[in-house]
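Trainee: I am new to this structure and would be grateful for a close look at a single part, the surroundings of the ligand. Please take me through that part in one connected account.

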Amino acid sequence: MTKDLLEILGAQKPILSAPMAGAAGPKLIAAVCNAGGYGVTPLWTKSPTDVVSGIEDLRALTNQNFAVNLNLSFPYEDQLEACIDQGVHGVSLFWGMEPKAIERAKAGGLVVLVSVGCAAEAKVAADAGADIVVAQGWEAGGHVWGQVSTIALVPAVVDAVDIPVVAAGGIADGRSMAAAMMLGASGVWVGTRLLASEEATIHETYRARLLDASEADTQWSHDLYDVDWPDAPHRALINSTSRVWQEAGSSAPGKRPNENQVIGHRPTGEPVVRYQSYTPLPETSGEVEAMSLWAGQSVAQIREISSTAQIIEEIYQEAKKLLKHGSSIL
Ligand SMILES: Cc1cc2nc3c(=O)[nH]c(=O)nc-3n(C[C@H](O)[C@H](O)[C@H](O)COP(=O)(O)O)c2cc1C
């Protein structure tokens, strides 16, 4: 089904960039598209007018197809209409299952990608007309919708639907891409690895932690960084905030150490409080180490900063080689 996926996306390589709000700006997304992959741009935090500007910014950098990522747990209807008006190629829907959103996007002429955490959800999405499902495993960085690991999730989703499945969570090199393809995925969705790209818009302290971290240095929490986005489980690097919280008994929101404490400022001057769901940008000031440093378990595979184009090419070539010669392993 990889051929089907490439046809649907109009891309050359079955590698999609995970939308990473804050961290993945137009330069990163355009670089993925221009390297033959498919970019997914996170515009769900923007007003409908800013969604239009975001699409225009990206179109100035690439003439390839891309999708806009929208969050179904926040108001998304006007953003979706802006995408339809703009005639973007695709829309990626996450954090919820709304057949009516899928149906509206399809009626508006968009290719629809839906992120899922189990096979039953994938079936609902496919029945509502989704073109592609993105199976996000538990090892993923950022907000994590399901609780099943990629290696168990992908084949279950592949067996449940007859549309292309894209594997997300833990894909950081050609080995993990080849493994996902052997599980039946038609393509892969890469997040954490692209955080360590030259184009990612993240603070240097965050980047340095990514370079240093092992596979055991991330933590999945139900509601640690819940300010501005409650009840949304996530995975981030273990840091001073998570350590102190754990030492204090991992107490519930409202009873945690140093709640509401201002630990830094956004480039706009707005305060960042402890436990805020926030991706530190290059110009963020304050205790960046104590902020939500989203990362997946594949962070262990990150040992250098490279250009986005180089990362896409390396993953693709290594996976291709492994898949070609895989039959000689056993
Ligand atoms: C910094 C960061 C921000 C993220 N923001 C979003 C987002 O805005 N929208 C979304 O659908 N997923 C978001 N995610 C989740 C990714 O789309 C993806 O599922 C995940 O990164 C895949 O796992 P990996 O990190 O192991 O590659 C984010 C992930 C990270 C690491």
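Mentor: The domain bounds used here come from an automatic or database domain assignment. With those bounds, domain 1 covers 2–199 + 302–328 and domain 2 covers 204–299, and the shell around the ligand draws at least three residues from each of them. Please keep in mind that this is a predicted model.

Let us begin with the shell as a whole. The ligand is surrounded by 22 residues. Trp 44, Asn 69, Gly 170, Gly 191 and Thr 192 are the closest of these.

The side chain of Trp 44 has an N or O atom 2.9 Å from an oxygen atom of the ligand. For Gln 136, too, the distance from a side-chain N or O atom to an oxygen atom of the ligand is 2.9 Å. Gly 170 takes part through its backbone, where a polar atom lies 2.8 Å from a ligand oxygen. As for cover, the ligand taken alone exposes 600 Å², and the protein buries 96% of that area.

The side chain of His 89 forms a polar contact of 2.8 Å with the side chain of Tyr 38. A polar contact of 3.3 Å also joins the side chain of His 89 to that of Asn 65.

The other feature concerns the cysteines. A disulfide is a covalent bond between the sulfur atoms of two cysteines. Counted with a cut-off of 2.5 Å between cysteine sulfur atoms, the number of disulfides in this model is zero. Cys 33 is in no disulfide, and the nearest cysteine sulfur, that of Cys 83, is 14 Å away. Cys 83 is likewise in no disulfide, and for Cys 83 the nearest cysteine sulfur is that of Cys 33, 14 Å away. Cys 33 counts as buried because its relative accessibility is 2%, under the 20% cut-off. Cys 83 has a relative accessibility of 0% and therefore counts as buried as well.

How values were computed
Residues are numbered from 1 along each chain as its sequence is written. This is a predicted model: local features need pLDDT of at least 70, side-chain atom pairs count only at pLDDT 80 or more; totals for chains, interfaces and linings use all residues. Side-chain values use heavy atoms; hydrogens and water are left out. A residue is near a molecule or strand if one of its heavy atoms lies within 4 Å of it. A polar contact is a pair of N or O atoms within 3.5 Å; within protein, one must be able to donate a hydrogen and the other to accept it, and residues adjacent in sequence count only if both atoms are side-chain atoms. Accessible areas come from the Shrake-Rupley method with a 1.4 Å probe; for residues, only the protein chains shown count as cover. Buried means under 20% relative accessible area, exposed over 50%, partly exposed in between (1.4 Å probe, protein chains only).
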